[in-house]
Amino acid sequence: MHEATHPPAPPRLVPEPEDIQRGYELACEQRLVRGHPIRLFTFPGSNLNASRTVLCLPGLGASGRSFAPMRPLATERRLLLWTPTQQTPLTHTPLQWNLAALEHPDASLPERFSLVGSSFGSLISLAYALAHPERIKALVLVSPVASVHRVRRWALALSTLVRMPKPFAYLFAPTAARVLGGSHLPPEGRAEIVREARRLSPLELLRRLQDILAADYLDDLERLRVPTLVVHGARDLLVPLSYARDVAARIPGSCLEVIRGASHLPYMSHTEAFNALVGDFLARHDP
């Protein structure tokens, strides 16, 4: 007689910081860069060839774990999922510190690599690629943030609600995560967004938000000479599709791919379509 099997319980709406969601379990290395810890997530059994390195930079309150759905690409690529330090030194803005960290020998990055940046991570990626085009083989911008003039401020403010204290978090955080991830984002993905964002202090989240509100790289995009793919969700409420089209039009030779039904985090909600687009792009520009 066989025992009945039960489906796993759904994730909590507001998980505890240590409650890693199913499918987001990854190997984690804590690396000191410029004297401050950053978390670097990798896929067990992935490609270890340094020449195949793809560095992934996450969004405003996310960690490198948010890229866990990119696991299928790890057989061919050495995916390094970067998570900025949780407390940026007051001597730098978060954007400045991450740029300096990526340049620092402590980061132990290869001389040349491909770069994937999502939302706030796309801002860092753009700034880095503009400063060091010789190091970037290929650039993927997801839901790109190139200028505050290309972001809906009300939606950006909504994204900070995932960090509200309990019991308010039970009301606002899942709603904010749903807006960011869209209706197709699985419950584990929504819970992971909430869980990771709640690890950050309100001050750190505010400082990163201030970086976005101060950013304006639009006029610099025409001098970017790196193969670039812009991936955008057709239902992104934070960065409208028209803004992504503008970013792509300003980067010479870039390509824009729109994922129907996706919101601000297409790599979490529309995994197969996203991985196919990025895998094909990298195969052409970083073979």
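Is Cys 28 buried, partly exposed or exposed? In this predicted model, Cys 28 has a relative accessibility of 42%. Buried requires under 20% and exposed over 50%, so Cys 28 counts as partly exposed. Cys 56 is buried, at a relative accessible area of 0%. A disulfide is a covalent bond between the sulfur atoms of two cysteines.

The chain as a whole was examined next. It comprises 287 residues, and 57% of them are buried. Its secondary structure consists of 9 helices and 8 strands. Among contacts with a separation of 6 or more, 77% link residues 24 or more positions apart. The accessible surface amounts to about 12,500 Å². Carbon and sulfur atoms contribute 56% of that surface.

The strands were then traced through the sheet. An open sheet is formed by 8 strands, in the order E1-E2-E4-E3-E5-E6-E7-E8. Its pairing is mixed. Strands E1 (27–33) and E8 (255–259) stand at the edges. Each has a single partner strand, so one side of each lacks a neighbour in the sheet. Neighbouring strands are turned by 25° against each other on average, direction ignored. Strands of a sheet pair through backbone hydrogen bonds, either parallel or antiparallel. Strand E6 (residues 136–142) and strand E7 (residues 228–233) take the parallel sense, over 4 bridges. Within this pair, Leu 141 has Val 230 of E7 as its bridge partner.

Two helices were located against these strands. Helix H9 (residues 271–285) packs on the sheet. Its contacts include E3, strand E5 (113–118), E6, E7 and E8. The direction of H9 makes about 160° with that of E6. Helix H1 (residues 94–103) lies across E1, strand E2 (36–42), strand E3 (53–57) and strand E4 (78–83). H1 runs at about 145° to E4.

Note on methods
Residues numbered from 1 in each chain as written. Predicted model: local features only at pLDDT ≥ 70, side-chain atom pairs only at ≥ 80, totals over all residues. Heavy atoms only, no water. Buried < 20%, exposed > 50% of the residue type's maximum accessible area, 1.4 Å probe, protein only. Contact = heavy atoms within 4.5 Å. Areas by Shrake-Rupley, 256 points an atom, 1.4 Å probe, with all protein chains shown as cover. Pairing = 2+ DSSP bridges. Axes fitted to C-alpha atoms, helices over the stretch in contact; angles between N-to-C directions.
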